[in-house]
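User: I am new to this structure. Please pick one part, look at it closely, and then show me what surrounds it.

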Amino acid sequence: MSLQRGCSRSLSPRTTAVSASVFEDFKACISEEASCQTISEINLKPVEKQHEAIRNVFSVLCSRAEHVSNFVDAESIFGPDSRLVYKHFATLYFVLIFDSSENELAMLDLIQVFVETLDKCFRNVCELDIVFNYSKIHAILDEIIFGGQVLETSSTEVMKAVEEITKLEAASNAINLVSKSVSNWRSR
Amino acid sequence: MALSGMRGLSVFISDIRNCQNKEQERLRVDKELGNIRTRFKNEKALTPYEKKKYVWKMLYIYMLGYDVDFGHMEAVSLISAPKYPEKQVGYIVTSSLLNENHDFLRLAINTVRNDIIGRNETFQCLALTMVGNIGGREFAESLAPDVQKLLISSSCRPLVRKKAALCLLRLYRKNPDVVNVDGWADRMAQLLDERDLGVLTSSMSLLVALVSNNHEAYWSCLPKCVKILERLARNQDIPQEYTYYGIPSPWLQVKTMRALQYFPTVEDPNTRRSLFEVLQRILMGTDVVKNVNKNNASHAVLFEALALVMHLDAEKEMMTQCVSLLGKFISVREPNIRYLGLENMTRMLMVTDVQDIIKKHQAQIITSLKDPDISIRRRALDLLYGMCDISNAKDIVEELLQYLKTAEFAMREELSLKAAILAEKFAPDLSWYVDVILQLIDKAGDFVSDDIWFRVVQFVTNNEDLQPYAAAKAREYLDKPAIHETMVKVSAYILGEFGHLIARRPGCSPKELFNLIHEKLPTVSTYTVSILLSTYAKILMHSHPPDPELQNQIWSIFKKYESSIEVEIQQRAVEYYALSRKGEALMDILAEMPKFPERQSALIKKAEDTEVDTAEQSAIKLRAQQQAQTSNALVVQDQRPANGAPPLSVGQLNLVKMPSMSSNVDDYPADPRLSQENGALATVNSQPPPADILSDLLGPLAIEGPPSSSVHPQPSPTSELEGTAVESTAIVPAGVQANSVQPIGNISERFQALCVKDSGVLYEDPYIQIGVKAEWRAHHGHMVLFLGNKNTAPLVSVQAIMLPPTHLKMELSLVPETIPPRAQVQCPLEVINLRPSRDVSVLDFSYKFGNDMVNVKLRLPAVLNKFLQPISISAEEFFPQWRSLPGPPLKLQEVVRGVRPLPLIEMANLFNSFHVTVCPGLDPNPNNLVASTTFYSESTRAMLCLIRIETDPADRTQLRMTVASGDPTVTFELKEFIKEQLIIIPTATRVLTQPPPPTPPVVQPTSAPAAPTDPGALLAALL
């Protein structure tokens, strides 16, 4: 239900974790309450909770061998009915947290979409791209995950939307010097 | 290519990254925050670019984990900026930094709404994104209709519409009562005709949420979902960008099948047929390929299809196909698919009757228990646990025990619990069960909870055939050089009870058993020492013919522990020593433990309970519950010096309780004459045998006279108060006159005194004194009742039953059945105030001394003013509050007559004693009093209350009182409470200084602040 956004942060000098967690609603009312509670806790104390959670996740992931499954029991960290899927690329871990209302493999695919989009964006994405362009990572994530739900699954479409924003920014940065019109992008 | 190329930001980030340690980083961050703060002070001078840069820096600092407690207003105000970059930054920062309850969000609602209904699509997207990410109630109230319009608007681009769909979903999920979805069925059906797959995916998510809430309204969407699925599965008309590794939008396929799982069934035969064709195609047409991503995507669809087939409960044929597919999956190389294969098999177990087919894969599943990936091992354990039945229990439990040796610590606890449950549930014979549990304790003693060994002792005690076997097994384990303490406990217990059954076997003579057990004594905890002492006493009794050397040895041990610092051990040592010197009489007293009443295993019960909660029961959760309960019981334990009786209110939790460290041997004193009398007493007591067998098990040996009388003649804990109340009166034997004992002191005055102080005597008579000590914090209270026996003989049949009014939640820990001579027993009582109310709780207390049955009903000083906390308030705070509460029902005024004339200063003291702070100088009129206080309850939380008293100097018997608070009930109850205090003669202040003379209880109807509806209050009035 809530997307803990943009936790792109150095966890160790060599490793960065990009984590976006998706909490979903539950079928039963009781569980929904529980889920909301978790979220509001995270919302109320975002700083401590998020970082503690990220540290926990990171320590779990670091200890995992190569060529094992991409699923990890996350209930001890994120509460009941939470699932964790991660993907590991060189020094980068991509983590998605969600609940039983989502399909695990589909979430794994979503990570792949995110990574492919980053790749298109930065041409062979590396850790530094993510660290220094976290505002752009925000923009991309916003186009893929929205309010804890999958918004777009086509990396082409995501790229289109992101490029649109980039152009707009470039245009408006130039506006100060050139023109006050914002409408040129709308004719697209 | 970088989004904006903000150089300052990049420099800052590299500075942070170059910091050698946390301290440097903090310094750098503090410097930057200072910089940003000064820059923002002169906001006008900032260019949009600079604003953006600083705000991104703030966001970065925030993500590093630092508090950013300023700039929120700036961020919110940026939303209303006319230009894109500022607006964008405003939206992003607002949605990252502020949560849904933040006050500033209210300021932004209008701007957000203007952006949503405006014609600028980029602004619409920004606004929708923020609303979707925050999803607050006020947003839902004011924006939901506009978002709905955007979703169905034909003029909007897909980019906006898909965001609108998810935004609406988020608002609906967070505030289902606010977002009106009536009549949405038709619109949803229309939306499902959408050609754009992006919009369709989002709409499908929305549909899943709507259908999960109320599938009835959305039947019309069902055939459309099947159509979409067909279109995708046949790959008709799917744009290239939505084909992921050759698979047409796996996400949409998965979502659509999810939506279908919320409909109970598919009735229309044509739709059903098309759906099954699609499912068949997916089940048959998916293969494991080389490309990992393609594999993942195709199997995502496949597993969802499996779930849908399970849900639709298709013909057996398709189910079999599913199971064989899953069987294939759990042996493939790809770990993700193995993982999901196992998980889905577990799920399948619960849905349908396919256990026999799954059993064919048992060997493979057991292999998965050795998988290098812990995630897979966990799933395998879950599956093995789920598929276990009487036919394969032996194999599976053996495997689990094998695995226990190599399993990581994280899993051992869960493993041992599951093994214990399975062994008990499906034991083909009981000796096997004993074997398993003993192995379990041997291999993973640290992870074996007490319930597990309690349970095996119960089994052995109740099955005579098993006793020699268990004793021999226990004897074997004692030979091992280093054994776990739990093993010492269980072996000592079993050998004490049943060691004599194997006395003729080599190496099992009483002396040898004693030596074996005694070897362990130096290494064990005090609790185990007390078990060992009991074992020694039993061994001594069973040694025929008596072995003087053994006897001397054991006596010297008893002698040694007679001065133990642990009361429990000391008591046992003294008593066993005295008992064992009685010779033949010992046999009668140290008889074998009686059988335990048959009852459901606490382990299994808990496992079942958890299974009801969540389909996949997790032993970790189970364990957490246990721990919570155990610690609970421990608290109880600490404060209960005299008995091992179960707590009154915990019911099923008993089994988890830590063993009682205390002894109830006092009930059965060493003197045979007294113990005779005691037996007689037990027959008078026609109560049912104790429900809590564990306290039997954990108490010292069963030292009884007549075997029919139970060790603890404690009434079984009854959850219903009435039941208990009836029982408590039922035990008054005919001919015994109740309440022939006169209390010392005035009960009512004592109560009044305790209303204004937190410790004191609640009740006293020639035999007993009941003291109270309380601590109050907000709406919680912690009271301790001190029950002191003033006599040289025990008080028996002690019962204390709480009759709490509805607004209080009270939990009285157990009260011992017997209070030993001259002993004081402490009984903690937890109080939670749920709602404001003046009703009073009553303690129904009874005990028996000789022939006197005493029963008193005592009001407990958990009264309204205990939940008040003094607060002193200044004029600047008082008057705005006072004015903001306009009149009834929040502000009530009443002219009170018949007031006890009090000088103003004394009235002020009285108020202060009730935690109502008089604020002098607030009211210009010297004859008036203004006071304030804070009331705490669970429903109201902290509630500020304001009081004004206007007195008439000419007539002190009347006054005008005004009470105000933010809650009508609080206002009313507080007003009535104060009125009561003013009208009645509050003896409280007097009692504080001089104790009242001993008088019989006086009925003071006026003093009972009781509503006639409340049973507790009625009882109070009867006093």
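Analyst: Start with one term: pLDDT is the predictor's confidence in each residue, on a scale from 0 to 100. The term matters here because this is a predicted model. In chain A, that confidence is highest in helix H4(A), at a mean of 89. It is lowest in helix H1 of chain A, residues 29-44, at a mean of 27. Over residues 1-45 of chain A the pLDDT is below 50, and the model gives this stretch 130 contacts beyond near neighbours in sequence. For chain A, the mean pLDDT is 66, and 64% of the residues reach 70 or more.

So let us take H4(A) as the part to study. Helix H4 of chain A covers residues 104-122, and its partner here is helix H6 of chain A, residues 134-144. Two packed helices are described by the angle between their axes and the distance between the axes. Here the axes come within 11 Å and cross at roughly 140°. How are the two helices oriented to each other? An angle has to be over 145 degrees to count as roughly antiparallel. H4(A) and H6(A) are therefore oblique to each other. The crossing is right-handed.

Now the side of each helix that takes part. From H4(A) come Leu110(A), Phe114(A), Thr117(A), Leu118(A), Cys121(A) and Phe122(A). From H6(A) come Lys136(A), Ile137(A), Ile140(A), Leu141(A) and Ile144(A). Sorted by class, this contact has nine nonpolar residues, one polar and one charged.

Glu143(A) sits in helix H6 of chain A. Is Glu143(A) buried or exposed? Its relative accessible area is 5%. Buried means under 20%, so Glu143(A) is buried. Which residues does Glu143(A) touch, beyond four places away in sequence? In chain A, they are Leu151(A), Glu152(A), Val158(A), Ala161(A), Val162(A) and Ile165(A). In chain B, they are Leu159(B) and Lys163(B). Glu143(A) therefore has contacts in both chains. For the complex, the predictor gives an ipTM of 0.76 and a pTM of 0.60.

That brings us to chain B. It has 1023 residues, and 59% of them count as buried. The chain holds 42 helices and 16 strands. Of its contacts with a separation of 6 or more, 69% join residues 24 or more positions apart. Its mean pLDDT is 77, with 81% of its residues at 70 or more. In chain B, confidence is highest in helix H13, residues 250-260, at 93, and lowest in helix H33, residues 619-638, at a mean of 33. The pLDDT is below 50 over residues 612-738 of chain B, a stretch with 245 contacts in the model beyond near neighbours in sequence. Residues 986-1023 of chain B also stay under 50, with 62 contacts beyond four places in sequence.

Helix H24 of chain B, residues 450-462, and helix H26 of chain B, residues 485-498, have axes that come within 11 Å. They cross at roughly 15°. Angles under 35 degrees count as roughly parallel, and H24(B) and H26(B) are therefore roughly parallel to each other. H24(B) passes H26(B) in a right-handed crossing. The residues that meet include Trp453(B) and Val457(B) in H24(B), and Val490(B) and Tyr493(B) in H26(B). By class, the contact has eight nonpolar, two polar and two charged residues.

Leu312(B) lies in helix H15 of chain B, residues 292-312. At a relative accessible area of 8%, Leu312(B) is buried. Its contacts beyond four places in sequence include Thr265(B), Arg272(B) and Phe276(B). Phe276(B) is 36 residues away along the chain, yet the C-alpha atoms are separated by 9.9 Å. Met802(B) belongs to strand S6 of chain B, residues 796-803. It is buried too, at 7% relative accessibility. Met802(B) and Phe845(B) are 43 residues apart in sequence and 8.6 Å apart in space, C-alpha to C-alpha.

Note on methods:
Residues are numbered from 1 along each chain as its sequence is written. Chains are lettered from A and ligands numbered from 1 in the order in which they are written. This is a predicted model: local features need pLDDT of at least 70, side-chain atom pairs count only at pLDDT 80 or more; totals for chains, interfaces and linings use all residues. Side-chain values use heavy atoms; hydrogens and water are left out. Helices (H or I, at least four residues) and strands (E, at least two) are DSSP runs, numbered from the N terminus. Buried means under 20% relative accessible area, exposed over 50%, partly exposed in between (1.4 Å probe, protein chains only). Contact means heavy atoms within 4.5 Å. Axes are lines fitted to C-alpha atoms, for helices over the stretch in contact, and angles run from 0 to 180 degrees between N-to-C directions. Angles under 35 degrees count as roughly parallel, over 145 as roughly antiparallel, 65 to 115 as roughly perpendicular and the rest as oblique. A crossing is left-handed if the near helix is turned anticlockwise from the far one by less than a right angle, and right-handed if clockwise. Ala, Val, Leu, Ile, Met, Phe, Trp, Tyr, Cys and Pro count as nonpolar, Asp, Glu, Lys and Arg as charged, and the others, Gly among them, as polar.
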